[in-house]
Amino acid sequence: MDTENAAAGRPGADDVNPAAAGPAAEVPEVPEAPAVAREVFGDRFDAAVRYTELLATAGVRRGLIGPREVPRLWDRHVLNCAVLAELLPAGSTLCDVGSGAGLPGIPVALVRPDVSVTLLEPLLRRTTFLEEVVRELGLENVTVLRGRAEEMVGKLAVDVVTARAVAPLDRLAGWGMPLLRPHGQMLALKGDSAEQELADSRAGLTKLGAVEWSVISVGEGTLETSTRVVQVKAGESPGGVKAATRRAKAARAGRNAGGVRTGERSRGGRRRTR
């Protein structure tokens, strides 16, 4: 999945019309859920199975998931994302930046119905898929919002920002940290590059208002391979001085206009613009 291009609002490799791939682009068989999936998803197991089916069928046909990823959807994608729920405070709000096909936002929303999840995605084809998934699974705690992260500063504020394979950490932090409330946290799912990316990004994280950061593992004792997460905690001014200025300007504009109208959202709906 080319989610880095998605978050930046640029067409990526998976924005090619899937029909152009020709007859060779056959959808592989949907993988059977492993036993651990019942443990992770509990009473939302059936919904998790349906989501995985949608990824393997409609997701592949629409170019959101590569056909070669289908056999490992559970281990590498759905379960790998679901265990992120371990790190979320009760009743928190979360924004999944560059959500793509809904990873990690949808698995997290299934595991944690107490968490209000916003799936933020700039591309229409992807938000359409996300809306359909949200409606079919009956995810009342999920909102789909079409837009770029940098457009949402001052319009959207959450306790947690998540992202998966969206961009290098320093760039991701520039998009995600300004959306946090004071003392919120950004959780970036990373692989073997986690420590190096964090080492390279520390100066930039400080400028963006981060006060603490670390690489942690979640899903240990549950998954065969745990999920590596870069956890970045914000201080009083998440996003730094520029973000604080933009938030203040947006607040003033909202008061003058009697309320901000751009960026309105609906359950399972796209961003409305006027």
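Visitor: How many salt bridges does the count come to?

Guide: The rule here asks for a side-chain nitrogen of Lys or Arg within 4 Å of a carboxyl oxygen of Asp or Glu. This is a predicted model, so to speak with caveats: local features need pLDDT of at least 70, side-chain atom pairs count only at pLDDT 80 or more, and totals for chains, interfaces and linings use all residues. Residues are numbered from 1 along each chain as its sequence is written, and side-chain values use heavy atoms, with hydrogens and water left out. By that rule, the salt bridges come to 10.

Visitor: Which side chain meets R62 in a salt bridge?

Guide: R62 sits in the loop between α3 (45–61) and α4 (73–82), and its partner is in helix α6 (residues 124–137), so the pair ties together parts 70 residues apart in sequence. Helices here are DSSP runs (H or I, at least four residues), numbered from the N terminus. The N to O distance is 2.7 Å, and the partner is E132.

Visitor: Is E69, which pairs with R76, buried or exposed?

Guide: The salt bridge from E69 to R76 spans 3.8 Å, N to O. Buried means under 20% relative accessible area, exposed over 50%, and partly exposed in between (1.4 Å probe, protein chains only). R76 has 41%, which makes it partly exposed. E69 has 15%, so E69 is buried.

Visitor: What is the relative accessibility of R112?

Guide: R112 meets D114 in a salt bridge at 2.8 Å, N to O. D114 is partly exposed at 34%. R112 counts as buried, at 15%.

Technical notes
Helix = DSSP H or I, 4+ residues; strand = E, 2+ residues; numbered from the N terminus.
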